[in-house]
Amino acid sequence: TPKPSSAASDVYKRQVQGIVWRVERVKFIQVPQQYNLRMLFNDNAKLYGFSGCNVFNASYSQSSNLLKVNPLVSTKKYCAQSNYYESNFTQHLQMADRIELNGDKLQLFHNNEVVVEMKPALN
């Protein structure tokens, strides 16, 4: 049987993994829904996403609510419209050091400040 601490950590991970999260906000900037920024944490310590123009993936590690996202691997298309949101999001995603589930919101923090806020995607 797993140790209680890892069991609690596993429950936390299961609540986050396997759900497509739509990015609502990066720092104080609302992300327009039409850009459809989204990401998914899988159970093999990989995350995948679409950052408005490019698709990306990365490995990550999570222990309870501590998070470390390794450098993203991304396609290199250029999209004038969504580029600003994309670079903002990918930059802050890689800075995240903590992950919290608050109601239906998934929040990524850096130095105790929310840097990315997501909700489950409905489609």
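A disulfide is taken here as a pair of cysteine sulfur atoms within 2.5 Å. By this rule, the predicted model contains 1 disulfide. The bond joins C53 to C79, with an S to S distance of 1.9 Å. The link of C53 and C79 is right-handed, with 70 degrees about the S-S bond. Distant parts of the chain are connected by this pair, the two cysteines being 26 residues apart. C53 belongs to the loop between β4 (46-50) and β5, whereas C79 belongs to the loop between β7 (73-74) and α2.

Strand β1 (residues 20-26) is mostly covered, with 6 of its 7 residues buried. Pairing of β1 was found with β2, β3 and β10. With strand β10 (residues 113-120), β1 pairs in the antiparallel sense over 5 bridges. With strand β3 (residues 38-41), the arrangement is also antiparallel and involves 3 bridges. W21 takes part in both pairings: its bridge partner is P120 in β10 and M39 in β3. Strand β2 (residues 29-30) is joined to β1 by 2 bridges, again in the antiparallel sense, and R25 stands opposite Q30 of β2. β1 and β2 form a hairpin with 2 residues between them. In the turn of this hairpin, K27 has a positive phi of about 55 degrees.

In soluble globular proteins, nonpolar side chains tend to be buried together. In the present model, the largest nonpolar core has 26 residues, and those with the most contacts inside it are F41, L47, F89, L93 and L108. At least two residues of this core come from each of β1, β3, β5 (55-63), β6 (66-69), α2 (83-95), β9 (105-110) and β10. For L47, neighbours within four places in sequence were set aside; the remaining contacts are M39, L40, F41, F56, N57, A58, Y60, V69, L72 and L93.

A pair of aromatic rings is described by the distance of the centres and the angle of the planes. The count comes to 4 aromatic pairs. In one of them, the rings of Y35 and Y85 have their centres 5.3 Å apart and their planes at 35 degrees, so the pair is classed as tilted. This pair links distant parts of the chain, with Y35 in the loop between β2 and β3 and Y85 in helix α2, 50 residues apart. Y84 and Y85 form another aromatic pair, which is edge-to-face, with 5.2 Å centre to centre and 75 degrees between the planes. Y35, Y84 and Y85 form one aromatic cluster.

P32 is partly exposed, with a relative accessible area of 24%. P32 and Y85 are 53 residues apart in sequence, and their C-alpha atoms are 8.8 Å apart in space. Elsewhere, a charge was found over an aromatic ring: the charged end of R98 sits over the ring of F109, 3.9 Å from its centre.

Note on methods. Residues numbered from 1 in each chain as written. Predicted model: local features only at pLDDT ≥ 70, side-chain atom pairs only at ≥ 80, totals over all residues. Heavy atoms only, no water. Buried < 20%, exposed > 50% of the residue type's maximum accessible area, 1.4 Å probe, protein only. Helix = DSSP H or I, 4+ residues; strand = E, 2+ residues; numbered from the N terminus. Pairing = 2+ DSSP bridges. Core = buried A, V, L, I, M, F, W, Y, C linked by side-chain atoms within 4.5 Å. Contact = heavy atoms within 4.5 Å. Phe/Tyr/Trp six-rings, centres within 6.5 Å; stacked < 30°, edge-to-face > 60°. Lys NZ or Arg CZ within 6 Å of the ring centre and 35° of its normal.
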